[in-house]
Amino acid sequence: MELKLADRMTSTGYTLQQFLLLQALERQATTGRLMTNPRVTGFSSFAKAVLNFIDDKKAPKTCKNLYNYLVANGYYIDIHAERNNRKV
């Protein structure tokens, strides 16, 4: 049985779907701009979609606070490292 594209693992250790949700949350928190309408995720916001796959009851529910919490707890270490190692 072949995996769906969204379920394939990236080099960061997240599935492609999780990786894109984390990127979307980061972009919204840092710039205030959306990558797409969050409702395409099945949730009303990217924060709710991310909260659905992380298992942390103490995580904040709002976009900027959630992003800062995830950065502080190491969720973005591999994502930022991959971005910094990318060759142009």
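**Pocket lining and selected residues in the predicted model**

Nine nonpolar, six polar and one charged residue make up the lining of the largest pocket. The structure described here is a predicted model. The volume of this pocket is about 260 Å³. Its lining comprises 16 residues in total. Gln17, Leu20, Leu21, Thr41 and Ala49 lie nearest the pocket centre. Two elements give two or more residues each to the lining: helix 1 (16-31) and helix 2 (46-53). Helix 1 supplies the largest share, with five residues.

Thr12 is found in the segment before helix 1. Its relative accessible area is 6%. Thr12 therefore counts as buried, since the cut-off is under 20%. Two polar contacts of its side chain were examined. One joins the side chains of Thr12 and Thr10 at 2.6 Å. In the other, the side chain of Thr12 reaches the backbone nitrogen of Tyr14 at 3.5 Å. With residues up to four places away in sequence left out, Thr12 is in contact with Phe19, Asp78, Ile79 and Glu82.

Aromatic rings were then considered. How many aromatic pairs does a search of the whole structure find? The search returns one. This pair is formed by Tyr67 and Tyr76. Are the two partners buried or exposed? Tyr67 has a relative accessible area of 11% and is buried. Tyr76 is buried as well, at 1% relative accessibility.

Gly32 presents another setting. This glycine lies in the loop between helix 1 and helix 2. The relative accessible area of Gly32 is 58%. That value is over 50%, so Gly32 is classed as exposed.

In brief, helix 1 gives five residues to the lining of the largest pocket. Thr12, in the segment before that helix, is buried. Gly32, in the loop between helix 1 and helix 2, is exposed.

Key:
Residues are numbered from 1 along each chain as its sequence is written. This is a predicted model: local features need pLDDT of at least 70, side-chain atom pairs count only at pLDDT 80 or more; totals for chains, interfaces and linings use all residues. Side-chain values use heavy atoms; hydrogens and water are left out. On a 1 Å grid over the protein atoms alone, a cavity is a set of points where a 1.4 Å probe fits but cannot get out, and a pocket is an open set with protein on both sides within 12 Å along at least five of seven lines; lining residues have an atom within 4 Å of a point. Grid points are joined across faces, edges and corners, and a volume is the space filled by probe spheres set on the points. Helices (H or I, at least four residues) and strands (E, at least two) are DSSP runs, numbered from the N terminus. Ala, Val, Leu, Ile, Met, Phe, Trp, Tyr, Cys and Pro count as nonpolar, Asp, Glu, Lys and Arg as charged, and the others, Gly among them, as polar. Buried means under 20% relative accessible area, exposed over 50%, partly exposed in between (1.4 Å probe, protein chains only). A polar contact is a pair of N or O atoms within 3.5 Å; within protein, one must be able to donate a hydrogen and the other to accept it, and residues adjacent in sequence count only if both atoms are side-chain atoms. Contact means heavy atoms within 4.5 Å. Rings of Phe, Tyr and Trp (its six-membered ring) pair if their centres lie within 6.5 Å; planes under 30 degrees apart count as stacked, over 60 as edge-to-face and the rest as tilted.
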